[in-house]
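Hi,

Here is the structure you were waiting for.

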Amino acid sequence: MTLTRRLKSLIEAEGPLPVSTFMQLCLHDPQFGYYATRPGLGRDFRTAPETSQVFGELLGLWAALEWRVMGAAARFNLVEAGPGRGTLMADALRATRPVAGFHEAAGIVLVEASAALREVQTHRLAPHAVAHVDTLADVPDGPVIILANEFLDCFPARQFVRDGEAWRERVVGLGEAGDLVFGLAADRRPQGEEQTSGDAVEVQPGLSLIVDALSERTAPFRALFIDYGPAGAAPGDTLRAFRNGEQVDPLAAPGECDLTVDVDFSRLARLAHAAGLAVAGPTPQGMFLGTLGVEARMHRLIAQNPTRASDIHRAVAELVEPDKMGLRFKAMCLSSPGLPPPAGF
Ligand code: SAH
């Protein structure tokens, strides 16, 4: 049995699958899903914390600063959603060691769907004790600071395509040769929130679950999301698959490649505003890291490791240059009402 075989039988039995169901199975099927079976993330795509340690260090210092702004609670949850190999949190914890009281106060909670990655994270972050939970809604009560890099982009997206005045959902079905193909659902969708002026639109239903989970919290929180996505218009068809650093056909090898979509930050902001949360951003990653002092941090690291100066410089440039990750990636912070604006925006 392979995931392709499983998807085909599912389609034979129940009809074409919405793109969101396809994504969910490809990424999270407990037996064949990408994250469940590939704890060695990093070959297929490279993320900011895996590019330069400065990224996790700055996010850690940001969290420590905001912990103080929020009143330096004696106990709070330092949460990372989608920690991958645990690199961001490891760098954040190392950088914040000198911050008086911060480590003693922080209960580290990791939101992770993959059992295999949970194991990698626990090892990587030892001797710190970490607790794992399934979703943001499961994070224990009390003040929290949440860091999430490249977490939202793997939330399954539904795609709708304009068909005259109506919209039809893009689905994965079977072609004449029995292979997986994209198609459009026969039934037309009523006009809904997914309505825009373009010809295709993507909606990640999971974004509203995140806002719901945050708005139910009674203690102060900050949640920092960094991901790629446009600042304004809603994404159209942005589903992409990556394998060994190359972009590949999303239908070619289900479960064996990473699937991602652009994050619709304007929708996230709308949902958060409607729920009464405070919204900062979206701000381009390069500007955000610049405001947090990426240059000074880089020079400090170079001073400590002079022989690696050009590698360190190149990696940081990757994070901040507008034609690299600096512009396409955005930072957005959702906060409980009543807090001052967060640093970096
Ligand atoms: N933040 C890391 C890894 C990004 S990969 C980095 O920047 O390097 C995405 C991570 O999110 C993986 O750890 C994946 O298993 C996790 N993940 C994806 N969708 C999830 C979901 N719905 N719930 C919990 N974890 C999820």
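This is a predicted model: local features need pLDDT of at least 70, side-chain atom pairs count only at pLDDT 80 or more; totals for chains, interfaces and linings use all residues.

How many residues surround the ligand? The count is 17. Thr-47, Gly-82, Gly-84, Glu-112 and Asn-149 are the closest. By class, this shell splits into eight nonpolar, five polar and four charged residues.

Thr-47 puts a side-chain N or O atom 2.5 Å from an oxygen atom of the ligand. In Gly-82, a polar backbone atom is 2.6 Å from a ligand nitrogen. In Ala-113, a backbone N or O atom lies 3.2 Å from a nitrogen atom of the ligand. How much of the ligand does the protein bury? On its own, the ligand exposes 570 Å². The protein buries 93% of that area.

Next, the cysteines. A disulfide is a covalent bond between the sulfur atoms of two cysteines. A search of the whole structure turned up zero of them.

Which cysteine sulfur is nearest to that of Cys-257? It belongs to Cys-26, 7.0 Å away. The cut-off for a disulfide is 2.5 Å, so Cys-257 is in no disulfide. Cys-257 is also buried, at 1% relative accessible area.

Cys-333 is in no disulfide either. For Cys-333, the nearest cysteine sulfur is that of Cys-154, at 20 Å. Is Cys-333 buried or exposed? Its relative accessible area is 0%, and buried means under 20%. Cys-333 is therefore buried.

Best wishes

How values were computed: Residues are numbered from 1 along each chain as its sequence is written. Side-chain values use heavy atoms; hydrogens and water are left out. A residue is near a molecule or strand if one of its heavy atoms lies within 4 Å of it. A polar contact is a pair of N or O atoms within 3.5 Å; within protein, one must be able to donate a hydrogen and the other to accept it, and residues adjacent in sequence count only if both atoms are side-chain atoms. Accessible areas come from the Shrake-Rupley method with a 1.4 Å probe; for residues, only the protein chains shown count as cover. Ala, Val, Leu, Ile, Met, Phe, Trp, Tyr, Cys and Pro count as nonpolar, Asp, Glu, Lys and Arg as charged, and the others, Gly among them, as polar. Buried means under 20% relative accessible area, exposed over 50%, partly exposed in between (1.4 Å probe, protein chains only).
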